[in-house]
Amino acid sequence: MQSKVLFSEGSHRWVVFGRDPEKPEKIIDTNQYMIVNRNEAILLDPGGIELFSAMLGCVVKEVPIDQIKYLFASHQDPDIISSLGLWDQALESAKLYSPWLWESFIRHFGMDKIQFEPIPDEGLSITLAGNEIQFIPAHYMHSSGNFSVYDPAAKILMSGDIGAALDKADAPMYVANFDDHIAKMEFFHQRWMPSNKAKSRWIDRVSKLEIDLLCPQHGGIFKGDDVKRFLDWLDKLDVGSAIK
Amino acid sequence: MSDKKVFVTAAEVAAELNKGMVIAKRLLLIASNARALALRAGESAAGFRPITDSIDDLVRTTLDSSKVINGKAQRLSRIATAENRSALALSKFNSMYQRDKDAKYISSLDHVYEETQKQHVALMVEFRKEAKSLNDMLQDLYSELRTAQIISTMLSVEASQAGELYKNQLNSIATSVAESANAIQSHVSQSLKLFSELTKAVYAIKSTV
């Protein structure tokens, strides 16, 4: 599994893990993110069971394991958090932030030591060693209880499945050409996202934020002008295609 | 022990016992019918009534033991699940140690690894202890059910002494008791067989740990 530092300023950094060449062929490629600030770190959408070992290896290349104080699961899907039972063995004391709606479902992945911290529907801010991290509502995008993560200091938005593209496992970490990229994300958004209203609400919300990088859970990361291009493209896209 | 068979076997043991419990409940009805018939048959079937009490006792023992054994089978399955999870974590840790041995902070995992190993061993020990206890209870229940044959024989003897009017019905009850007890015993025996396969598998894995 590859690691790439997306942002680094003092002891504050963002790292993405993904593009694992040893990943079993039939499971979808995923991006896992870690925010580190001083002696605390949070793993965002830490991934599925299949990737756990590779993820753990990547994490301990960056920080000692006891610095992982928090996990975040944007929603309940297996590629997001089915590794929970294994992180539960690896982390002595950590908290999992996730939509309150999914607590009793996510616990099915196994959770004894990790403490569940429900995120209310309206969102929540926490501090990571003094640095603010915001959980922004993204309900019905695609899951009925869903959050994005915004780091105002780094100006990075982790958007979960929003902005996801079904790409090759060795695709570049950043979107190289937005127009070419559309074909890789169009079906995903039309079919997985259920509600035009929810989509507009999320776009309104995140358009007010300063975003240098928009980081989805699958496919390339949007940077610079591509962030606005993506939001404009999504705004015009008709979603919920399975019931049309 | 980190084998799917453990979960399957625990579930199969519970299912076999459940079948036994259904038959045992039916046996209660047979005992009740026997009591009513013995009353109607009067003096000629006077010996029948105390024997029906023995059937009641046997059924209650079967039901009580099955309930406890069922609970133990479920507990065993839970232990096996926890053991499976810690074994999975150990295997994932091991592959990470092999692949990423140069990772800067890899030693920060050593404590967690040792704790997971300890937990794994503790779960194996607990599993074996619980498995033995469950096996002993199944053996006891199997032995207890042998008394059903004695009860059935006593019922047949008493039936032969009853008046002609009731003889056939009482004989039929004696046969039903014997058949039901045999059926329950066969389910318990099947549970024991499943369990012995499981025990073999557990010990085979123990020698590799």
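Mentor: Helix 5 of chain A covers residues 178-192, and its 15 residues reach 20 Å from the first C-alpha to the last, close to the 21 Å expected at 1.5 Å a residue, where the expected span is 1.5 Å times one less than the number of residues. Helices here are DSSP runs of H or I with at least four residues, strands are runs of E with at least two, and both are numbered from the N terminus. This is a predicted model, in which local features need pLDDT of at least 70, side-chain atom pairs count only at pLDDT 80 or more, and totals for chains, interfaces and linings use all residues. Residues are numbered from 1 along each chain as its sequence is written, while chains are lettered from A and ligands numbered from 1 in the order in which they are written.

Helix 5 of chain A has a kink of about 40°, centred on Met185(A), the bend being the angle between axes fitted to the seven residues ending at a residue and the seven starting there. Met185(A) is also buried, as are His181(A) and His189(A) in this helix; buried means that 20 or more other C-beta atoms, placed from the backbone, lie within 10 Å of the residue's own, with exposed at 12 or fewer and partly exposed in between. The buried residues of helix 5 of chain A pack against helix 7 (225-236) of chain A, contact requiring C-beta atoms, placed from the backbone, within 7 Å.

Chain B has its own helix 5, residues 164-206, which holds Ser186(B). Ser186(B) counts as partly exposed because it has 15 C-beta neighbours inside 10 Å.

Note on methods:
Contact = placed C-beta atoms within 7 Å.
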